[in-house]
Amino acid sequence: MEQLAVVIGVGGLGTALARGLMRGRRLLLADVDGERAAAVSRDLGGPVEPVQCDVTSPTSVKALAESVAQRGKLDVLVHVAGLSPAAGDFDSIVRVNMVGPALVTDTLLPLANSGASAVMISSLAANLGRIPAAAIPVLRDYAAAHELPARLRSVLDPGSDDANSAYRLSKYGLLMLVRRSAKLWGRRNARIVSLSPGLIATPMGARETATNPAKRKLVKAWPLGREGKVQEIVDVVEFLVSDRASFISGTDILVDGGLAGSICDVPFGWPEPH
Ligand SMILES: NC(=O)c1ccc[n+]([C@@H]2O[C@H](COP(=O)([O-])OP(=O)(O)OC[C@H]3O[C@@H](n4cnc5c(N)ncnc54)[C@H](O)[C@@H]3O)[C@@H](O)[C@H]2O)c1
């Protein structure tokens, strides 16, 4: 029986990932933009079906789970949907990048087959510098809650609730979600990991370079003298969802060409000391 894979977010990266994952699998492609999901499905051809889904809406995510259940069990989940700092404000970025993945993993886990794997796309941004200590319990306790942005704002320094901060906090929260979810997924003999891409040549990546001074600073530091290719992320995801990665769970895979290390010599976004 062919495996069933769900790809959520079919922009630059998600479309390439779907193209790679469709070999030997049936695919459900979900996006808040239902027309985009339908167009990408048509382009890919084969056993690919579009679903309109807003990951920030519990009702919409439940409907996605029902679509999965009608087709069988979940073998592969790749959660790509996300907003870059240029694409939203504090609240929308936190909701799409953190509340969404938390709702999706909670809701789809009961459908996971034995041997299933989930890859949650985080970001290099989660691996740079320190996260305010007071944000850690909030990211843990309110990950799937609509009020998460307000809860975070209440513990941040005044004025630090900008889009860059939302992006870093939400992508760091995703790393935390994956670490604590490994046990639950393991009970079903399933794995969950996050993948943190560095600067990748997608339209989203180009938009950020054009509009975000923090990103332009990063570009000067890259050790390999170039940004990453989409295929370099696709290759790692294909490995992570294969049996060759059968002992990798509850951790983050940083695919950034060495950029984090060249900026910050602390190997993880450690919380600030109290
Ligand atoms: N491109 C890069 O350089 C880079 C670097 C690090 C991390 N990332 C991460 O990779 C992921 C995808 O990047 P991309 O370049 O393909 O971005 P993209 O903007 O091309 O695609 C994002 C997709 O997510 C969808 N989406 C947005 N809100 C949604 C919602 N509420 N529910 C469902 N779908 C929603 C959008 O419609 C879009 O199709 C993001 O999570 C991003 O943070 C990208």
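A residue counts as near a molecule when one of its heavy atoms lies within 4 Å of it. The model shown here is predicted, so local features need pLDDT of at least 70 and side-chain atom pairs pLDDT 80 or more, while totals for chains, interfaces and linings use all residues. Residues are numbered from 1 along each chain as its sequence is written, and side-chain values use heavy atoms, without hydrogens and water.

**View 1. Residues around the ligand.** Let's start with the ligand, which 28 residues surround. The closest are Leu13, Asp31, Arg36, Tyr167 and Thr202.

View 2. Polar contacts here are pairs of N or O atoms within 3.5 Å. A side-chain N or O atom of Thr202 sits 2.8 Å from a ligand nitrogen. Polar backbone atoms take part too: one of Gly12 is 3.0 Å from a ligand oxygen, and one of Cys53 is 3.4 Å from a ligand nitrogen. Of the 840 Å² of accessible area (Shrake-Rupley, 1.4 Å probe) that the ligand has on its own, the protein covers 92%.

**View 3. The sheet.** Pairing requires at least two DSSP bridges between strands.

**View 4. The β1–β2 pair.** Strands β1 (residues 3–8) and β2 (residues 25–31) run parallel and are joined by six bridges. Look for Ile8, whose bridge partner in β2 is Ala30.

How values were computed. Helix = DSSP H or I, 4+ residues; strand = E, 2+ residues; numbered from the N terminus. Polar contact = N/O pair within 3.5 Å; in protein donor to acceptor, adjacent residues only side chain to side chain.
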